[in-house]
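Thanks for coming, everyone. Please look at the sequence and the structure on the screen, and then I'll walk you through a few places in it.

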Amino acid sequence: MLGIFSASSRAGAQCTATGSPANCGLPGSVAMTAGRVVRLQVSAGSTPLTAPTPADFDAGLNATTGPTLTVSANAPWTLHLRAASALWTATNTAPGAPARTNKPAADLQWSTASNGGFTALTTGDVSLLTGSATATSATTLYFQTLYNWTLDTPGNYSLSIVLTLTAP
């Protein structure tokens, strides 16, 4: 924000008053420019996904409640989501059973509803939410992780996601 005071078009404007009561005034103005302002708050920087059980492997997936995303903006906005890489990072945890190094990002699905409408994560920005000027717009992100008995070997797996808030 920028504030400017202008007493008059003449440099060094002044006024003088005498007598009782004495007062003097000069006309002036102020001006400002308010740019687009957006803020994204995430309730947690990391979400531990629910560890799979035999029933999850049989079902092919399990669910995890993710972070709450809160947007504040003084203009229309869009929140995008993408995977930071095409593959999960995998670390071995069991001798003789190497962790799956080619687990695709698409094995993590996301939704803004706990009961459905899940979409596979990709490395391209996807519109997660849009809105108009608001003091606070909060949405919880939900995840489903896909599992396969023959592909998903023991290991520690992680995947970075990127949230990008824009006010075009």
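Start with L108, which sits in strand β7. Strands here are DSSP runs of E, at least two residues long, numbered from the N terminus. One caution: this is a predicted model, so local features need pLDDT of at least 70, side-chain atom pairs count only at pLDDT 80 or more, and totals for chains, interfaces and linings use all residues. Residues are numbered from 1 along each chain as its sequence is written, and side-chain values use heavy atoms, with hydrogens and water left out.

Is L108 buried or exposed? L108 is buried, at 6% relative accessibility. The cut-offs are under 20% relative accessible area for buried, over 50% for exposed, and partly exposed in between, with a 1.4 Å probe and protein chains only. Leaving aside neighbours within four places in sequence, L108 contacts L49, W88, T119, A120, L121, F143, Q144, T145 and L159. Contact means heavy atoms within 4.5 Å. From L108 to L61 is 47 residues in sequence, and 9.4 Å in space, C-alpha to C-alpha.

Next, the core. The largest nonpolar core has 18 residues. Such a core is a set of buried Ala, Val, Leu, Ile, Met, Phe, Trp, Tyr and Cys residues joined through side-chain atoms within 4.5 Å. W77, L79, W110, L121 and L128 have the most contacts inside it. At least two core residues each come from β4 (61-73), β5 (77-83), β7 (108-111), β9 (126-131) and β10 (134-146). Which strand gives the largest share? That is β5, with four residues.

Take W110. Beyond four places in sequence, its contacts include L81, F118, L121, V126, L128, L141 and F143.

Now the largest pocket. It holds about 720 Å³ of space. On a 1 Å grid over the protein atoms alone, a pocket is an open set of points where a 1.4 Å probe fits, with protein on both sides within 12 Å along at least five of seven lines; lining residues have an atom within 4 Å of a point. The volume is the space filled by probe spheres set on those points, which are joined across faces, edges and corners. Of the 33 lining residues, T47, L49, W88, Y157 and S158 are the closest to the centre. β10, β11 (156-158) and β12 (161-166) each give two or more residues to the lining.

Last, the cysteines. The whole structure has one disulfide, defined as a pair of cysteine sulfur atoms within 2.5 Å. C15 and C24 form it, with their sulfur atoms 1.3 Å apart. C15 is partly exposed at 36%, and C24 is partly exposed at 36%.
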